[in-house]
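Notebook open, model loaded. I want to go through the sheets, then the ligand site, then the aromatic rings.

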Amino acid sequence: MKSKKRIFLVAGARPNFMKIAPIYNEMKKSKKLKPVIVHTGQHYDKNMSLIFFRELGLPKPHIYLGVGSGSHAVQTAKIMVEFEKVCLEGKPDMVLVVGDVNSTLACSVVASKLLIPIAHIEAGLRSFDRAMPEEINRIVTDSLSDYLFTTCRDANKNLEREGVKPNKIFFTGNVMIDSLKKFIVKAEKRKTFRRLSLKDGEYALLTLHRPSNVDDKATLEKILKTIAKISKKTKIIFPAHPRTKKQVEKYKLKKYLRGGNIEVIEPVGYLDALNLMKHSKFVLTDSGGMQEETTVLGVPCITMRENTERPITVTQGTSTLVGNNPVKITRVVNQILNGKYNKGKIPELWDGKSARRIVKIIEAKV
Ligand code: UD1
């Protein structure tokens, strides 16, 4: 019998783990493919990484690069150096990358120079804002990829406009929603919101981590002031990202989070995050993934960004872009509290079967 084709599944940061999980599980069933999980170590805190592996039922990473934090250049370079070694040693038949984090970019560059075919999951998303580090990661990764798997038809158009040959592009849906559908029942059983003494549908879930929102003092202060005002109308639960926590301390802005109606907690795992999202009145966030998850859960999402690479969550889903403008944020909060917010619909192929479609295509190609 022929030996199986080895596929390196690269994951590095929190939003990657729920994307590789369904692909890993599907590939494990394949007679032709052998999935090998490579964790770059871009995220390394227990509650930013390990908890996700446990909850998603993933095995310990087969290969751990342990690169940790650093400037973009340092982090990207370290990942490249380490990933090149494991590629030379492990000789994968394909490198599969997901999303748009520094690990995605670094591993694609390495694979392309070693002439290893690259599959990119979540290809073709564009915010058209090159001030976002993720936009650079998306453009470079897509330009190097051999198989581009997309979550929506807009992404196919973006890729075709950039000159990618249509026969390299596959509209297969959203793997993140595969995980959501698989784990929502388990997440419900955890009763997270009750344990935090929150009432069903009577609180807002806040997450904030983008450099454009948290790295500049005046911007972060403006956002936190607005949040403090909103908390007078509704309880807010805030699992704070390590980057944000650091910035709040550095700029001495804790005072805005001290009002009794805001609760700051450590970052939560995947199941608690799903539970908190599902039972919230609304979500206030700058996360791309949560725009997608709230769309499927039917929960209003006030997106604190000027633009999005996921416009379908605005045109079809439950997301409204408000930037960091206090007037816009407050207006949408009031709309929701007054019951005047539109329910969205679930985008095409966000049906829980994307990984199956992707693995079938990869089986046919390698
Ligand atoms: C990264 C991704 C971003 C994604 C986000 C999800 C890039 C360019 N950005 O941003 O697209 O939305 O992950 O969280 O890849 N830190 C810890 N512990 C950790 C990880 C990070 O303390 O486990 C702290 C470090 O101080 C680090 C900072 O958070 O410097 C930022 O981490 P980094 O991975 O550089 O970027 P994120 O902001 O997490």
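Before the sheets, a note on pairing: I call two strands paired if DSSP finds at least two bridges between them. Strands here are DSSP runs of E with at least two residues, helices are runs of H or I with at least four, and both are numbered from the N terminus. I keep in mind that this is a predicted model, where local features need pLDDT of at least 70, side-chain atom pairs count only at pLDDT 80 or more, and totals for chains, interfaces and linings use all residues. Residues are numbered from 1 along each chain as its sequence is written, and side-chain values use heavy atoms, with hydrogens and water left out.

**Sheets**

I looked up S11 (residues 282-285) and S12 (residues 301-303) and found them parallel, joined by three bridges. Threonine 285 has threonine 303 in S12 as its bridge partner.

Both strands sit in an open sheet of six, ordered S10-S9-S8-S11-S12-S13, with parallel pairing. I noted its edges as S10 (262-265) and S13 (319-321), each pairing on one side only. On average, neighbouring strands of this sheet are turned by 20 degrees against each other, direction ignored; the axes behind that angle are lines fitted to C-alpha atoms.

Next I traced an open sheet of seven strands, also with parallel pairing, in the order S3-S2-S1-S4-S5-S6-S7. S3 (63-64) and S7 (169-171) each have a single partner strand, so one side of each has no neighbour in the sheet. Within it I checked S4 (residues 94-98) against S5 (residues 118-121): they run parallel and share four bridges. Valine 97 has histidine 120 in S5 as its bridge partner.

**Ligand site**

How many residues surround the ligand? I get 17, with Gln42, His43, Glu134, Arg243 and Lys246 the closest; a residue counts as near if one of its heavy atoms lies within 4 Å. By class I log five nonpolar, eight polar and four charged residues in this shell, with Gly among the polar ones by convention.

H3 (72-90) and H11 (242-250) each supply at least two shell residues, and H11 gives the most, with three.

For polar contacts I take pairs of N or O atoms within 3.5 Å. A backbone N or O atom of tyrosine 44 is 2.9 Å from a ligand oxygen, and one of asparagine 102 is 2.8 Å from a ligand oxygen. Histidine 209 uses a polar side-chain atom, 2.8 Å from an oxygen of the ligand. The protein covers 89% of the 740 Å² of accessible area that the ligand has on its own (Shrake-Rupley, 1.4 Å probe).

**Aromatic rings**

Searching the whole structure, I find five aromatic pairs, taking ring centres within 6.5 Å as a pair. Phe17, Phe52 and Phe53 make up one aromatic cluster.

Technical notes
Polar contact = N/O pair within 3.5 Å; in protein donor to acceptor, adjacent residues only side chain to side chain. Phe/Tyr/Trp six-rings, centres within 6.5 Å; stacked < 30°, edge-to-face > 60°. Axes fitted to C-alpha atoms, helices over the stretch in contact; angles between N-to-C directions.
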